[in-house]
Amino acid sequence: MTDRLRLVLASFLMLFTELILIRWSGANIVFLSYFSNFVLLGSFLGIGVGFLRARSKVDLFRAAPVVMAFFIAFVLKFPVVIDRSGSTLVFFGSLTERGLPMWVMLPIVFSAVALIMACIAQGVGRLFGRFEPLEAYRLDILGSVLGIAAFSLLSFLGTTPVVWGTVMAIVFVLAMGRRPALLSALALVAVVMMLAVGSSGDLTRWSPYYKITALPFGVEGHLAYQVSVNGIPHQTILDAAERVKLEPTYGLPYVRATNNPLRSVLIVGAGTGSDVAIALNAGAQHVDAVEIDPELLQLGRDLHPDQPYQDPRVTAIVNDGRAYLERTTKTYDLILFALPDSLTLVSGQSALRLESYLFTKEAMASAAAHLNPGGSFGMYNYYRELWLLDRLAGTLQEVYGRAPCVDTTGAGGYIGGFSVLMDSKDAGALTCDQTWTPGERVVPAPATDDHPFVYLRTRTIPGLYLLVLGLVLLAAVVLVRVAGGPLGAMRTYLDLFFMGVAFLLLETKNVVQFALLFGTTWFVNALVFGGILLTVLAAVETAKRVRLRRTWLLWLGLAVAISVAWLVPAHSLLSLTLIPRFVAAVALAFAPVYLANLIFADRFRSVGESTVAFGANLLGAMVGGVVEYLSLLIGYRSLLSVAAGVYALAFMFGRVHLTVAEA
């Protein structure tokens, strides 16, 4: 096998393993569903360190399966569920804590991921250094494109971790170019076998978002199922009549909408179908049931005793709720947001949750625009903090011009119970027992499409994040110093370091922008990352064929492209039809990516130590992952301004190379 093919395979392995670590770890360590960015940060740090160690005589690549086997065994031994109540970031639901505490698990997970990726990256780096820098970069990106395509295909097919591990093991052996040592081979077998633990079974499924388990239990003679996702109790499958009997609050939207004929009902967050079944029992003539996770919907088809998804009055739609509202022209007598809490982030590279764009002021206005005259809007969940209920109720008041109805089972009026908020533009559409009023309380401002962090009370970075991110940066400095030698060795490549920081910010902005415009689905997310990698590959191919002597023109073009992307807010594209929206979004998002990578490729072609230079760039990307948390303070649009400022630093530190290249 040629070194060229081995480098492609090794790069495939590197990205594929990173995606496995993000998905599998999040399914077994609950808080990583909320903080998967830490796995990404550990990956970037490990890859950067691995490249810095590329010239070491110690072969770390063959140790990667051993380290991964120990990590998987540890996680299986100590799975974790984390309690989030009382923190600055509030999440729906009622969670309990078991397993090792966060302050123990986070460092172990971060360190283990960094070590695994460092071992793999050293193997990639050794192959990388055998080629001219730009050609090596091209082959690395090609392998990454194939890696994300393969993982996306496996997600589409609904495969389990044992399949992912098998693919990883095969590619590892091929990338080695020789028969693996006995210990490495045994470790690969152990990895595949351990990934098979709990990954399959009649009541266990893997969707592109979660590990889903459904455990049967009895409720007063009725068969029910407790559905958990990534280890968190998430839904209950129970026949509608019994559900309303046990929790009458589920039936309140139909009691409050007394004058509503319920000719058409939209349920967002339909899940396994209980809310749909309740709507049908309440007299709904037709229900559009929107659910983002195809496996949860299928679970409802298979197990729900009322068989709501088999009812001809129901249309099941697999999509993001906000995306559906933006695209459909249908109107409804009742729209319900039925516990649409996802318990996971859009990707390992943002603080955005799958349902974040459902709870913004713009989303509420979009829902209101789809109501028939006299129609009503409702939302219910376990709002465990009073300020969160106030924020959502205040948002509804701003949109509908009147205070919403509020019903709750919570102690002390609100806290800890199941609460329903309903509103309408028609004063006679609802019959309320209680209308929301904040009294003397300060109501948090509504979440917006630019700052969609509904669970963050104020524009701040929570102390927990600051502590962990500070420790991440400290660990990075120590590990780079120990593994890569004096930090001064990378001083020549400070411009590439800052390019890595800025590019990660561009990438994050693109992910969340496409999530807003086309939905927070895994498929959109995969297309964005694939599109970014293909754009990078196109820039490299261009740079190999065309040598622009006046590189400053590329910098000027990048500044213009970022400025245009900043001047055109993402939400302004929502008024466009699908095709024009897609064209505009691609142009705004990928023009800066293409130009930034033309600049990177032009600089990278002339570096002296390609592995050190690329390592510096990857470490910059890790720092960019830390800087991304500024979005909690300034919003995603302003993240472009930060990226522009960092690119300015890259230009300043790279001017000497720019001058030499044009001399």
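How many disulfides does the structure hold? The structure holds 1 disulfide, where a disulfide is a pair of cysteine sulfur atoms within 2.5 Å.

Hi everyone, a quick word on the model first. This is a predicted model, in which local features need pLDDT of at least 70 and side-chain atom pairs count only at pLDDT 80 or more, while totals for chains, interfaces and linings use all residues. Residues are numbered from 1 along each chain as its sequence is written, and side-chain values use heavy atoms, with hydrogens and water left out.

Now to the disulfide. A disulfide is a covalent bond between the sulfur atoms of two cysteines. Here C405 is joined to C432, with an S to S distance of 1.5 Å. C405 sits in strand 10 (residues 405-408) and C432 in the loop between strand 11 (418-423) and helix 15 (463-484), so the bond ties together parts 27 residues apart in sequence. Helices (H or I, at least four residues) and strands (E, at least two) are DSSP runs, numbered from the N terminus.

Are these two cysteines buried or exposed? C405 has 3% relative accessibility and counts as buried, whereas C432, at 32%, counts as partly exposed. Buried means under 20% relative accessible area, exposed over 50%, and partly exposed in between (1.4 Å probe, protein chains only).

Let's move on to M68, which belongs to helix 3 (residues 64-77). M68 counts as buried because its relative accessibility is 3%. Leaving aside neighbours within four places in sequence, its contacts (heavy atoms within 4.5 Å) are T17, I20, L21, I116, M168 and V191. M68 and M117 are 49 residues apart in sequence and 9.4 Å apart in space, C-alpha to C-alpha.
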